[in-house]
Amino acid sequence: MSRAVVIGAGMTGLSTAWHLQEYGFDVEVIDRVGVAAGSSWGNAGWLAPGKTIPLANKSLWAYGPTALFDPHAALHVPLRVDMRLWGFVAEFMAHATSRAWDKTMASLTPADLESLHAFDELIDNGVKAETHHAPFIIGFENDSQSRGFLAEVEGTIRHGQEIPFERVSLDEARELAPMLSDSLTTIYKMGKQRYIEPDAFCQAIANAVEYRGGTFSTGVEVVRITSTRKPAVELSSGESLSADVVVIATGAWMPELAKPLGVTTRIQAGRGYSFSVETDNPATCPVYLPNIKVACTPYNGRFRVAGTMEFLHPDESFQPRRVESIIHNTRPLFRGVDWGSRRDEWVGSRPVTPDGLPLVGATRAPNVFTNGGHGMWGIVLGPVSGKLLAKQIATGEVDPILRPFNPLRGRFTNF
């Protein structure tokens, strides 16, 4: 039996491990902390292909400069001397054009269309978890705020997705999300989307992997991978593990292991924050406030509030002021929320690439692969990425969906 080592126990790594088992691999998963300890734990848990779109768009040219000097802006780029960070920002902004958006969206759409089927496949084959079917409520204070979002929906439909989308009244929206305040006067409902509790879902995949004979090593860090024909994984403990296949699924930390193996596309941690609160009346669906970039989801009987794109190093400390800014921006748009009941405060480092495309496939090192760089979409695209990467590893066949995600496409792409 061939042996595979998967580095990273988030949604992408766990999904890859599960699918490698489907091809008969003996799998070990290594994580320096534990299951779902990175950006998979506290995110909004959206399975929303209709919102799985490029992050860079032309509106950033107006929004970005003002965000630099707004302490409550959803986008936070620190004003510090950091050539690596500003190099990433320059590449990211170079993709903030209509042409680049369309090119990236065309590459993402085939994965978007398969993403929910990949979740169903896991559940139908022994992963004891569930996805929640619910419309998404999208709210604005006025019509003008909604124009950019409506253009994104139009673009997503134009590229091949079918998205039920309609305007609803505040009273209709409150039947699903009672906490909406009177300040929200322009409201839409988006159908054919789902959500999950991401930590529980990841744990369910881990349980399934372990039940089928997979092993987990946590609390240990991989410091280097070498490979001539057969890869070797060197651990911080000094131990070396051999394998037939290695998959790097370490999210925002991927460059530390993958760059020496030829993966030169920049990955920047786009850190997101979340917390949960009690509400007078529970929501039965996710809520999105695009103007302030806040995503909310029912979570364990509470309401998870998530937001911010903070470009910092993934290991920098939790910044309480980011949570305060989310509350500052969100409070006027909700009612019946007990902000003092806040708990589950979290920051997670989402791995953002300049061109908005993941890095899924082979490195230059024989039998070493990557699965990451999904930006904000690692949860929804994790299972389909893991499925198709496992197929590539086992059969040598690169699925057409993965071709734009080639990890060796280089730092600079033709856009």
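1. Strand β17 (residues 294-299) is mostly covered, with six of its six residues buried; buried means under 20% relative accessible area, exposed over 50% and partly exposed in between, with a 1.4 Å probe and protein chains only. Strands (E, at least two residues) and helices (H or I, at least four) are DSSP runs numbered from the N terminus. The model is predicted: local features need pLDDT of at least 70, side-chain atom pairs count only at pLDDT 80 or more, and totals for chains, interfaces and linings use all residues. Residues are numbered from 1 along each chain as its sequence is written, and side-chain values use heavy atoms, with hydrogens and water left out.

2. In a regular strand the side chains alternate between the two faces of the sheet. In β17, V294, C296 and P298 point one way and A295, T297 and Y299 the other way, and all are buried.

3. On one side of the pairing, β17 meets strand β16 (residues 287-289) in the antiparallel sense over three bridges; two strands pair if DSSP finds at least two bridges between them. Y288 stands opposite A295 in β17. Four residues separate β16 and β17 in their hairpin, and K293 in the turn has a positive phi of about 55°.

4. Strand β18 (residues 302-311) runs antiparallel to β17 and is joined to it by six bridges. Here Y299 stands opposite R302 in β18. The hairpin of β17 and β18 has two residues between the strands, and N300 takes a positive phi near 50°.

5. Y299 has a further contact: the charged end of R304 sits over its ring, 3.8 Å from the centre. The criterion is NZ of Lys or CZ of Arg within 6 Å of the ring centre and within 35 degrees of the ring normal. R342 likewise lies over the face of F275, at 5.9 Å from the ring centre.

6. The aromatic pairs number 14, where rings of Phe, Tyr and Trp (its six-membered ring) pair if their centres lie within 6.5 Å, and planes under 30 degrees apart count as stacked, over 60 as edge-to-face and the rest as tilted. F140 and Y188 form an edge-to-face pair, 6.4 Å centre to centre with 80° between the planes. F140 lies in strand β6 (residues 136-140) and Y188 in strand β8 (residues 186-190), so this pair ties together parts that are 48 residues apart in sequence. F140 counts as buried because its relative accessibility is 0%, and Y188 counts as buried at 10%.

7. F149 and F165 form a tilted pair, 6.0 Å centre to centre with 40° between the planes. F149 lies in helix α5 (residues 147-158) and F165 in strand β7 (residues 165-168), so parts 16 residues apart in sequence are tied together. Ring pairs link W46, F136, F140, F149, F165, Y188 and Y288 into a cluster.

8. The structure holds four cavities of 30 Å³ or more. A cavity is a set of points on a 1 Å grid over the protein atoms alone where a 1.4 Å probe fits but cannot get out, and lining residues have an atom within 4 Å of a point. The largest cavity holds about 70 Å³ of space; its lining has 14 residues, of which L55, G356, L357, H374 and G375 lie nearest its centre.

9. The second largest cavity has a volume of about 50 Å³. Its lining includes L55, W101 and G356, and helix α4 (residues 98-124) gives the most to that lining, with three residues.

Methods:
1 Å grid on protein atoms, 1.4 Å probe; cavity = no way out; pocket = protein on both sides within 12 Å on 5 of 7 lines; lining within 4 Å. Points joined across faces, edges and corners; volume = space filled by probe spheres on them.
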